[in-house]
Structures are given as C-alpha cells and as structure tokens.
Amino acid sequence: MSRVEVSQLDPAIAGRLRRNADGLVCAIAQQHGTGEVLMVAWMDDEALHRTLTTGRATYWSRSRREYWVKGETSGHAQTVREVRLDCDGDAVLVIVDQTGAACHTGDRTCFDADLLFAAATEPATAADR
C-alpha cells in the first residue's frame, strides 16, 4: 500500500504539523493509565488521519514503505484513547490500550532491553523529611 499523496486529514490539523524532510512526524505510543512509553514510530498526514478516524494506531513504515496498523498481523494491537500534538507540532503522542507486546522483539515496550542510565536513589534520612 503506497503512500497517499493527498490525505483527508483535517486541514486545521495538517496546518499545525511540522514534518521532517520525508513528510513525517514522530509518533510516541504511550500506555493509557500508566504513562508507560511503549514505542516510537512515524506518521504522515494519512497515517494520522487513519488513526484519528478508526481508533486504531496506524503508522508509516519507513523500511517497508507502507502503512501498517499496529497489531493487524501480530494481534498486538493498539486501541487509541487519545492523540495529542506537541507544542512544536513535530510529534504526536498516541495514548493507547496495548494488547500484547508493543515491540517487534516481543518485549512489552521497545525500551525494555537497554538501560543506559539510572540515577542512584538513596534512602531518605530524617533531615529529608
């Protein structure tokens, strides 16, 4: 399924988007209720339009050069609860109810495997209270 050149995305929304050179905006999927960041993907105007009108998270695959609905083949679907545009218009936050793994590796999130830094926590002392 090739990229749609003319989308039915509401012009008021389309006018607020700041796309990269490929015509895409970053889409961050976050679990509803917990705030857990699940994955990052890309959307063009049509993917955003499909997400907003179907309630199913739809992305543009840069490697396969096609639209994909999360979970359509894996069963690990994202039911959309909210979509928010960031203040700069260059990213959308897609708040979802995730069924199964969000990551193509089978992990719950795409951020499970490689912890690069964690601040040390120290027990509170009486002076901290």
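Predicted model: local features only at pLDDT ≥ 70, side-chain atom pairs only at ≥ 80, totals over all residues.
**Entry 1: Leu-17**

I started with Leu-17. I found Leu-17 in the loop between helix H1 (11-14) and strand S1 (25-31). Is Leu-17 buried or exposed? I looked up its relative accessibility, which is 7%. Leu-17 therefore counts as buried, as the cut-off is under 20%.

Next I asked which residues Leu-17 is in contact with, leaving aside its neighbours within four places in sequence. I noted Leu-9, Val-25, Asp-45, Leu-48, Leu-85 and Gly-89. I then checked Gly-89 against Leu-17. The two are 72 residues apart along the chain. Their C-alpha atoms are separated by 4.7 Å.

I turned to salt bridges. The structure holds seven of them.

I compared the cover on each partner. Arg-19 has a relative accessible area of 34%, so I logged Arg-19 as partly exposed. Asp-45 is at 16% and counts as buried.

**Entry 2: Arg-50 and Glu-46**

I stayed in helix H2, where both Arg-50 and Glu-46 lie. They are four residues apart, about one turn of the helix. They form a salt bridge, and I noted 3.0 Å between the closest N and O atoms. Which cover does each partner have? Arg-50 is partly exposed at 22% relative accessible area. Glu-46 is buried at 10%.

**Entry 3: Arg-64 and Glu-66**

I looked up one more salt bridge, Arg-64 with Glu-66. Here the closest N and O atoms are 3.2 Å apart. I found Arg-64 partly exposed, with a relative accessible area of 46%. Glu-66 also counts as partly exposed, at 26%.

**Entry 4: a nonpolar patch**

Last, I went to the surface. Which residues form a nonpolar patch there? I wrote down Val-37, Val-40 and Phe-111. Together they have about 250 Å² of accessible area. I placed Val-37 in strand S2 (residues 37-43). Its relative accessible area is 35%, so Val-37 is partly exposed.

Conventions: Residues numbered from 1 in each chain as written. Heavy atoms only, no water. Helix = DSSP H or I, 4+ residues; strand = E, 2+ residues; numbered from the N terminus. Buried < 20%, exposed > 50% of the residue type's maximum accessible area, 1.4 Å probe, protein only. Contact = heavy atoms within 4.5 Å. Patch = residues over 30% accessible without salt bridge, like charges linked within 9 Å, V, L, I, M, F, W, Y side chains within 5 Å. Areas by Shrake-Rupley, 256 points an atom, 1.4 Å probe, with all protein chains shown as cover. Salt bridge = Lys/Arg side-chain N within 4 Å of Asp/Glu carboxyl O.
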